[in-house]
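Here are my notes for you to read alongside the structure. Have it open and go through the points in order.

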Amino acid sequence: MSVREEFDAWAADGRDRGMEERHWHTAKHVLARMPVEPGDAVLDLGCGSGYAARALVETRDAGRAYGLDGAPEMVRNARSYTDASLRDRVAFVRGDFEHLPFEDDTLDHCFSMEAFYYARDPHAALRELRRVLRPGGTFHCAVNYYEESEHTHHWQDGISIDMTRWSRDRYREAFRDAGFHVATQDNIPDRETDIPPASEFPTEDWETRAAMVERYREFGTLLTVGVAPA
Ligand code: SAH
């Protein structure tokens, strides 16, 4: 299945809003860390419902926020959730991570939440981001599917797209290979997530249920921040 088929189906099922709800606990901390200044042009790579582009305009006064997604139904939904008052500053475009529809050095910052690992060619995607970001621009890349995050490894079983499972080190290396400096890398804990009842969420793979809970609440999402050199 292609990205388009897989995620068009998710959009049609309303999973875009479900992801927004779950990811917001973490995404809001990542967005708050971004050094966005009033008037900046920002991109949300793999935007799903489009919440991040809207938030960057509403709370950070971004001048122009683009949400890019490969699935036309995601783009359509994202537009439909966007209030008319925001439409002159928020735009949703269909596109692929490996071919970004922007000129060189035109974006101030890029955000991406739980999307980067779906890139067909993650190295090409990083080079594209490097190309479109102006010197000093940042890429805030948040992923909960990565090598050290054992509790998410099974995500690949439920999806037909090949997912990239890099380690923390590998993320930093790949960012540098693409020409970024790595400003920071750390984990954003999700202290608000509802841990499902034991009956609904088997924990045989864990020594104790408390260990699993701790993983979600404390270990959290890996955030790697790349800065385009001056
Ligand atoms: N960032 C959103 C959505 C995450 S789901 C959130 O936090 O909820 C990942 C999204 O990335 C999907 O909407 C999917 O269509 C998009 N995507 C995955 N691979 C892509 C690719 N190679 N090019 C463009 N979009 C892609």
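Which of the 20 residues around the ligand come nearest? Keep in mind throughout that this is a predicted model.

1. Let's begin with the ligand. His 23, Gly 46, Tyr 51, Asp 69 and Gly 70 come nearest, out of 20 residues around it.

2. Asp 69 puts a polar side-chain atom 2.5 Å from an oxygen atom of the ligand. Gly 70 uses its backbone instead: an N or O atom there lies 2.9 Å from a ligand nitrogen atom. Met 113 also has a backbone N or O atom 2.9 Å from a nitrogen atom of the ligand.

3. The largest nonpolar core has 45 residues, and Leu 43, Leu 45, Phe 116, Leu 126, Phe 139 and Tyr 171 touch the most other members. Two or more residues each come from H1, strands E1 (41–45), E2 (64–69), E4 (107–113) and E5 (133–143), and helices H5 (122–132) and H6 (168–177). There is also a second, separate core of 26 residues, with Cys 47, Ala 65, Val 75 and Phe 111 among them.

4. Last, a helix pair. The axes of helix H1 (residues 3–12) and helix H4 (residues 72–80) come within 7 Å and cross at roughly 35 degrees. On the H1 side you'll find Arg 4, Phe 7, Asp 8, Trp 10 and Ala 11, which meet Pro 72, Glu 73, Met 74 and Asn 77 of H4. Sorted by class, this contact has 5 nonpolar, 1 polar and 3 charged residues.

Notes. Residues numbered from 1 in each chain as written. Predicted model: local features only at pLDDT ≥ 70, side-chain atom pairs only at ≥ 80, totals over all residues. Heavy atoms only, no water. Axes fitted to C-alpha atoms, helices over the stretch in contact; angles between N-to-C directions. Helix = DSSP H or I, 4+ residues; strand = E, 2+ residues; numbered from the N terminus. Contact = heavy atoms within 4.5 Å. Nonpolar A, V, L, I, M, F, W, Y, C, P; charged D, E, K, R; others polar. Core = buried A, V, L, I, M, F, W, Y, C linked by side-chain atoms within 4.5 Å. Buried < 20%, exposed > 50% of the residue type's maximum accessible area, 1.4 Å probe, protein only. Near = heavy atom within 4 Å. Polar contact = N/O pair within 3.5 Å; in protein donor to acceptor, adjacent residues only side chain to side chain.
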